[in-house]
Amino acid sequence: MDHAGDAHRTDLMTITRFVLNEQSRHPESRGDFTILLSHIVLGCKFVCSCVNKAGLAKLIGLAGETNVQGEEQKKLDVLSNEVFVKALVSSGRTSILVSEEDEEATFVESAKRGKYCVVFDPLDGSSNIDCGVSIGTIFGIYMIKHANDPTLEDVLQPGKNMLAAGYCMYGSSCTLVLSTGCGVNGFTLDPSLGEFILTHPDIKIPKKGKIYSVNEGNAKNWDGPTAKYVEKCKFPKDGSSSKSLRYIGSMVADVHRTLLYGGVFLYPADKKSPSGKLRYD
């Protein structure tokens, strides 16, 4: 009997244990960052539950409103946004919240204020909700610059200043991928335990991939170099095999597949969207 194998399978690395291990490497840490991440994880679990029963709970369909990007909001968009705003405010560790679903930033009242800003899209790819395609939550965390008087300048920082970033994908399984600046790790929700378990440690994109991911419905609006690159993916002139096209239409799902299998995901600028459509969240 493989006792060593059994021990390995029962010694589960939960996301809570993982984050606490990371915290222990910083003796000066007071645990604020760990508490904030635990509230984000709680929000992800709540949204995962809502997504799983969306059809039964009549949460599919439109909510009758549009978000700041001019996109029609789904009922789950609105609910997910409310879940994350409340989870982040109640953590007592945030000062400013910026959601794709809200036109204005949320400034936390001084009594509950902390030293972090969180930017997030509570439910990316929500146009796919009604047909059961993978969707997800995207988030990033910054340290505020002005502790006593937070302003929008605290949010308008370059991505390199992020303390942590990640996403949670709701699909055939619920997977949370997180980076705190020292590698990328993936955790899968075990429904029987209610815990995210480390299943993809130290993720690295394969050096070579056989997949390209792009919405070719926009091809007529691409510039020359983009069209030429995609053509090369399909009809390589060096005798190599053609790349396979895989496009889901949900950024979290497309990026997750690219992280695991390699290749390229692109949403290039075109005549309709000269600045592109991928946004910093």
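A disulfide is defined as a pair of cysteine sulfur atoms within 2.5 Å. A search of the whole structure finds zero disulfides. C48 is buried, with a relative accessible area of 8%, and C233 is buried at 6%. Here, buried means under 20% relative accessible area, exposed over 50%, and partly exposed in between (1.4 Å probe, protein chains only).

## Basis of the model

This is a predicted model, in which local features need pLDDT of at least 70 and side-chain atom pairs count only at pLDDT 80 or more, while totals for chains, interfaces and linings use all residues. Residues are numbered from 1 along each chain as its sequence is written, and side-chain values use heavy atoms, leaving out hydrogens and water.

## Nonpolar cores

A nonpolar core is a set of buried Ala, Val, Leu, Ile, Met, Phe, Trp, Tyr and Cys residues joined through side-chain atoms within 4.5 Å. The largest such core has 38 residues, of which I40, I141, Y170 and F196 touch the most other members. Its largest share, ten residues, comes from α3. A second, separate core of eight residues includes I138, M169, A253 and L259.

Strands (E, at least two residues) and helices (H or I, at least four) are DSSP runs, numbered from the N terminus; two strands pair if DSSP finds at least two bridges between them. Strand β9 (residues 184-190) pairs with β10 (residues 195-200) in the antiparallel sense over five bridges. F187 has L198 in β10 as its bridge partner. Four residues stand between the strands of this hairpin, where G194 takes a positive phi near 70°.
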